[in-house]
Amino acid sequence: MKYNYHTHTFRCHHASGTEEEYVQRAIAGGVTHMGFSDHFPFCFPNGLESSYRVSVSEVPLYRAAIERLREKYKDKIQIHLGFEMEYYPEFFEEMRQNAADYGAEYLILGQHFLKPECYPDAIHSTWDNKPEAELATFAALEVDAIRTGAFTYVAHPDIYTFNGDPAYYDREMRKVCVASRECNVPLEINFLGIRTNRFYPHDDFWRIAGEEGAPVVFGFDAHEVRHACDDDSYEKAYQLVETYHLNWQENVTLKPLK
């Protein structure tokens with residue numbers, strides 16, 4: 001695997017390792033195209049800055065580090081600056097403009113919450129025992145985000161935990177896969193889920209993706225330096241491609257911010 005556009009660093013407060021350590025590991029593993037996509041820095045109207053995001057004050061350091069490494073290692077690897085960002089309709093235009101101002105070359109969608117974290121009833125996508133209606137909310141957010149044209153791909157589209165009616169899951173997740181196909185916005189098989197034995201990648205989701213012909217890409221979702229190359233997870237991800245006849249894309253085309 002020559003590309004990975006899903007990389008985190010110590011700046012998001014739940015990963016480890018510097019930008020340069022990730023670059024060096026990626027080069028050693030044969031990666032030729034790399035993107036940093038730390039969690040998008042944003043200050044909500046009530047003053048909240050979520051603890052799992054890059055701090056707004058650290059953006060200049062994040063950007064400077066990546067730009068320095070891009071020049072330093074330009075003969076060995078192509079390095080890009082991006083962010084993993086939620087789609088919050090009420091804040092989206094501000095967030096997208098901020099991303100452009102921060103020098104982002106691309107965004108990937110990572111819908112970790114169904115409501116912005118600044119709301120007291122914010123619901124995390126991975127919390128258990130959620131009602132069926134929340135799955136529809138998750139699917140609608142993903143579909144609307146895809147249709148904005150702002151995101152290069154959808155990170156872990158199967159992150160939502162659901163233990164309800166399989167037919168209901170099929171109906172809602174199929175909407176995401178159809179939007180992906182119609183807008184040519186790929187869905188990511190997430191290597192963090194594979195290597196930590198999480199509930200995703202979710203087989204039912206990838207069955208639907210295969211039936212709909214949605215484009216599919218791989219992402220390391222590196223939170224430790226050693227995972228800036230992850231050959232073991234690659235083999236398991238490719239098994240999903242073969243099992244569900246997925247429309248796998250061997251490369252990722254970055255979508256510039258509009």
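**Cysteines, contacts and strands**

Reader: Does Cys-229 count as buried or exposed?

Author: The model is predicted, and the answer rests on a computed relative accessibility. Residues under 20% are classed as buried. Because the value for Cys-229 is 5%, the residue counts as buried.

Reader: What is the distance from the sulfur of Cys-229 to the closest cysteine sulfur?

Author: The closest cysteine sulfur belongs to Cys-12. A disulfide requires two sulfur atoms within 2.5 Å. The pair is too far apart for a bond, because the separation is 20 Å.

Reader: Where does Cys-12 lie, and what is its relative accessibility?

Author: Cys-12 is placed in the loop between β1 and α1. Setting aside neighbours within four places in sequence, its contacts include Asp-38, His-39 and Tyr-52. Cys-12 counts as buried because its relative accessibility is 0%.

Reader: Which residues is Arg-11 in contact with, beyond four places in sequence?

Author: Arg-11 also lies in the loop between β1 and α1. With a relative accessibility of 9%, Arg-11 counts as buried. Its contacts are Glu-19, Asp-38, Arg-53, Val-54, Ser-55, Glu-58, Leu-61, Tyr-62 and Ala-65.

Reader: How many residues of strand β2 are buried?

Author: Strand β2 spans residues 33–39 and is mostly covered. Of its seven residues, the number buried is six.

Reader: In which sense do β1 and β2 pair?

Author: Two bridges connect β1, residues 3–4, with β2. Tyr-3 stands opposite His-33 in β2. The chain passes from β1 through helix α1 to β2 in a right-handed β-α-β crossover, and the sense of the pairing is parallel.

Reader: Which residue of β3 is the bridge partner of His-39?

Author: Strand β3, residues 78–85, runs parallel to β2 and is joined to it by seven bridges. Together with α2, these two strands make a right-handed β-α-β unit. The partner of His-39 in β3 is Glu-84.

Reader: How many residues apart in sequence are the parts tied together by Arg-70 and Glu-105?

Author: The closest N and O atoms of Arg-70 and Glu-105 are 2.7 Å apart, and the two form a salt bridge. Arg-70 lies in helix α2 and Glu-105 in the loop between α3 and β4, so the pair ties together parts separated in sequence by 35 residues.

Reader: What is the relative accessible area of Arg-147?

Author: Arg-147 meets Glu-182 in a salt bridge of 2.9 Å, N to O. The pair links helix α4, which holds Arg-147, to helix α5, which holds Glu-182. Arg-147 is partly exposed, with a relative accessible area of 44%.

Reader: Does Asp-230 count as buried or exposed?

Author: Asp-230 forms a salt bridge with Arg-195, with closest N and O atoms 2.7 Å apart. Asp-230 lies in the loop between β7 and α8, and Arg-195 in helix α6, so the pair ties together parts that are 35 residues apart in sequence. Because its relative accessibility is 7%, Asp-230 counts as buried.

Reader: How many salt bridges does a search of the whole structure find?

Author: Some salt bridges are linked in a network, which joins Asp-170, Arg-174, Arg-181, Arg-207, Glu-211 and Glu-212. For the whole structure, the number of salt bridges found is 22.

Key:
Residues numbered from 1 in each chain as written. Predicted model: local features only at pLDDT ≥ 70, side-chain atom pairs only at ≥ 80, totals over all residues. Heavy atoms only, no water. Buried < 20%, exposed > 50% of the residue type's maximum accessible area, 1.4 Å probe, protein only. Salt bridge = Lys/Arg side-chain N within 4 Å of Asp/Glu carboxyl O. Helix = DSSP H or I, 4+ residues; strand = E, 2+ residues; numbered from the N terminus. Pairing = 2+ DSSP bridges. Right-handed = clockwise from strand over helix to strand, strands pointing away. Contact = heavy atoms within 4.5 Å.
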